[in-house]
Protein chains: 2
Amino acid sequence: MPRPNRIGESRLSKAAAGRLSLYLRAIEHAISNGQERISSQELGQALSIRDAQVRRDLACLGTLGHPGIGYNPEKLRKPIRRALGIDREWPTVLVGVGNLARALLRYAGFRQQGFHIRWLFDSDPAKAGTSLDGVPILPAEQMEKILSGSGAELGLIAVPASAAQETADRLIRAGVRGLLNFAPVVLQLPPHVRLVSVDLTIQLEQLTFLLTSGTIISD
Amino acid sequence: MPRPNRIGESRLSKAAAGRLSLYLRAIEHAISNGQERISSQELGQALSIRDAQVRRDLACLGTLGHPGIGYNPEKLRKPIRRALGIDREWPTVLVGVGNLARALLRYAGFRQQGFHIRWLFDSDPAKAGTSLDGVPILPAEQMEKILSGSGAELGLIAVPASAAQETADRLIRAGVRGLLNFAPVVLQLPPHVRLVSVDLTIQLEQLTFLLTSGTIISD
DNA sequence: GGATGTGAACGACTTCACAGCG
DNA sequence: CGCTGTGAAGTCGTTCACATCC
């Protein structure tokens with residue numbers, strides 16, 4: 001008995017979530033171009049994957065496409081943003097005010113997508129008291145005190161490797177639930193905290209690996 | 001007929017290569033602690049994966065472990081570095097001298113692992129002519145001319161999104177074979193060029209996705 | 001015709017479980 | 001005994017292929 005139109009709605013894999021971000025870009029690009037429809041094939045081409053993959057990913061969000069037509073970019077935007085959790089603001093705290101922090105603060109994409117960096121912390125007393133791009137720099141020793149009850153949810157760790165674990169511990173005590181870590185360290189965290197790590201050395205080593213090992217053929 | 005000790009040597013997956021970088025850190029840490037042996041279980045604990053996974057990854061590099069004993073960190077170091085392609089120097093060029101570039105240049109891990117940033121380029125004429133951390137900043141318009149025959153192999157793209165594709169094209173014309181791209185753009189490249197992208201917005205969206213969707217249970 | 005959504009096949013990665021060595 | 005290396009099993013993600021609908 002084939003239940004005809006039972007909605008799929010299977011769960012998104014982590015890999016699929018990464019692709020959603022890319023679909024979103026392509027879609028927003030299409031919207032600003034005034035495009036009223038876009039096919040799985042077009043989307044797939046934009047990120048060098050097959051159309052079937054695109055359809056499967058998007059099917060997880062509901063029945064959004066129209067057979068014979070394609071997808072309406074406008075109609076796609078909201079469900080993708082919801083699935084990624086960027087349909088709301090995330091009060092964000094950034095620890096470690098160095099060059100990376102400056103780059104992150106000024107990175108246009110962040111504010112635009114709902115990531116408001118509201119607090120800056122640094123352990124250097126010379127920096128605490130000054131401000132950067134209008135955000136005051138606060139002393140790291142008072143992190144828990146200042147942040148408790150503040151509603152901070154996301155923490156960006158841009159401190160040296162030696163201070164990363166301690167910074168993470170403090171942020172967590174202050175109630176932060178999600179960490180984006182730039183320090184080249186494997187952090188130990190309680191199970192309720194979510195972590196994404198961006199380790200530049202690993203990315204570069206990934207590249208040299210591809211050049212060394214994958215040179216054989218592949219595309 | 002079970003050939004008894006035929007060496008495994010299967011090929012490394014991309015995911016495995018990422019883990020090798022992490023094993024390498026743990027191993028170097030162990031070495032500097034004077035540890036003379038380390039088990040797959042210890043290594044696995046360090047990065048929250050199972051011991052069987054560690055053994056399979058390491059088995060790709062040859063027969064390096066000793067049953068009943070474990071692995072000798074010193075003996076592991078070289079094969080891992082070789083597999084990752086970091087047993088030699090990679091002449092590297094960095095384009096786009098902003099805050100991110102400054103962070104990358106000063107990032108201790110890079111030089112230490114054989115990534116020497118030898119050239120800096122920027123399209124801003126005010127910057128060209130000056131230097132940063134002892135590396136002169138060169139005018140982006142002359143990239144091909146200056147780099148041709150220079151032996152540059154890796155290119156780091158730290159320019160705004162709007163200039164990323166053009167920068168990639170130029171670097172490739174100048175003979176660069178591997179790109180690490182920080183701009184939030186999907187680059188179109190010829191098949192012989194290898195690419196790793198670090199897209200900060202995507203990483204943050206990955207995090208909010210985990211917090212939104214994965215809050216259910218999981219660890 | 002043209003494009004979606006999806007069962008089924010396929011492939012890749014992970015985990016189990018155990019033989020075999022020290 | 002402890003721990004590696006590895007077939008076999010299991011799990012997850014991708015691709016194929018086609019029924020279905022505009």
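A salt bridge joins the side chains of Asp199(A) and Arg25(B), at 2.4 Å from N to O; the term means a side-chain nitrogen of Lys or Arg within 4 Å of a carboxyl oxygen of Asp or Glu. The rule finds 2 salt bridges across the interface of chain A and chain B. This is a predicted model, in which local features need pLDDT of at least 70 and side-chain atom pairs count only at pLDDT 80 or more, while totals for chains, interfaces and linings use all residues. Residues are numbered from 1 along each chain as its sequence is written, chains are lettered from A in the order in which they are written, and side-chain values use heavy atoms, without hydrogens and water.

**Extent of the interface**
- In contact (heavy atoms within 4.5 Å) are 65 residues of chain A and 64 residues of chain B.
- About 5700 Å² is buried between chain A and chain B, and carbon and sulfur atoms give 67% of that area.
- Buried area is the accessible area (1.4 Å probe) that two parts lose on being put together, summed over both.

**The side of chain A that touches chain B**
- By class, this side has 36 nonpolar, 18 polar and 11 charged residues.
- Nonpolar means Ala, Val, Leu, Ile, Met, Phe, Trp, Tyr, Cys and Pro, charged means Asp, Glu, Lys and Arg, and the others, Gly among them, count as polar.

**A covered helix in chain B**
- Helix H5 (residues 99-106) of chain B has 6 of its 8 residues buried, meaning under 20% relative accessible area (1.4 Å probe, protein chains only).
- Helices are DSSP runs (H or I, at least four residues), numbered from the N terminus.
- Among the buried residues of H5(B) are Asn99(B), Leu100(B) and Leu105(B).

Conventions
Buried < 20%, exposed > 50% of the residue type's maximum accessible area, 1.4 Å probe, protein only. Helix = DSSP H or I, 4+ residues; strand = E, 2+ residues; numbered from the N terminus.
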